[in-house]
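Let's take a friendly walk through this chain, from one side chain out to the whole fold. Have the viewer open as you read.

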Amino acid sequence: LDHHSDTAGRAPQNLKRTEPVRWCRTGGADTHTKLPSRRELHDKLMTDYHKAKRSKAREVTKSMKDMVKAVKEVENERLHVLRGGSTSIGKTAIEVMKDIEARGPGRHTQ
């Protein structure tokens with residue numbers, strides 16, 4: 001392997017896993033130390049992620065069920081008021097206006 005350059009024409013690559021030995025150009029004694037395993041940390045993070053994902057899915061499902069229930073209640077109330085005639089519509093309108101006034105200025109939404 002005698003060549004006019006140490007890398008035989010290729011780009012030099014420094015080996016950082018060995019310490020130099022005088023009889024070998026690329027190194028000798030293996031000085032590589034493995035990093036501690038992060039498997040436990042990774043497993044914990046993934047477990048927490050999956051728990052949070054399931055929790056969020058349950059929360060979204062509950063929220064959707066509550067919303068559907070609220071919409072059905074509003075729809076049932078609307079049908080009840082409309083079936084009651086103009087008197088029922090007038091009473092409901094007055095109740096709504098009283099609720100709005102009771103909440104105070106600038107607070108017209110629930």
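## Two residues and their surroundings

Met-67 is partly exposed, with a relative accessible area of 43%; partly exposed lies between buried, under 20%, and exposed, over 50% (1.4 Å probe, protein chains only). This is a predicted model, where local features need pLDDT of at least 70, side-chain atom pairs count only at pLDDT 80 or more, and totals for chains, interfaces and linings use all residues. Residues are numbered from 1 along each chain as its sequence is written, and side-chain values use heavy atoms, leaving out hydrogens and water.

Now compare a second residue, Ser-88, which is buried.

| Residue | Helix | Relative accessible area |
|---|---|---|
| Met-67 | α1 (residues 39-83) | 43% |
| Ser-88 | α2 (residues 85-103) | 19% |

What does Ser-88 touch, not counting residues up to four places away in sequence? Its partners are His-80 and Val-81, a contact being heavy atoms within 4.5 Å.

Stepping back, the protein chain has 2 helices and 2 strands, in the order β-β-α-α from the N terminus. These are DSSP runs: helices (H or I) of at least four residues and strands (E) of at least two. Buried residues make up 5% of the 110 residues.
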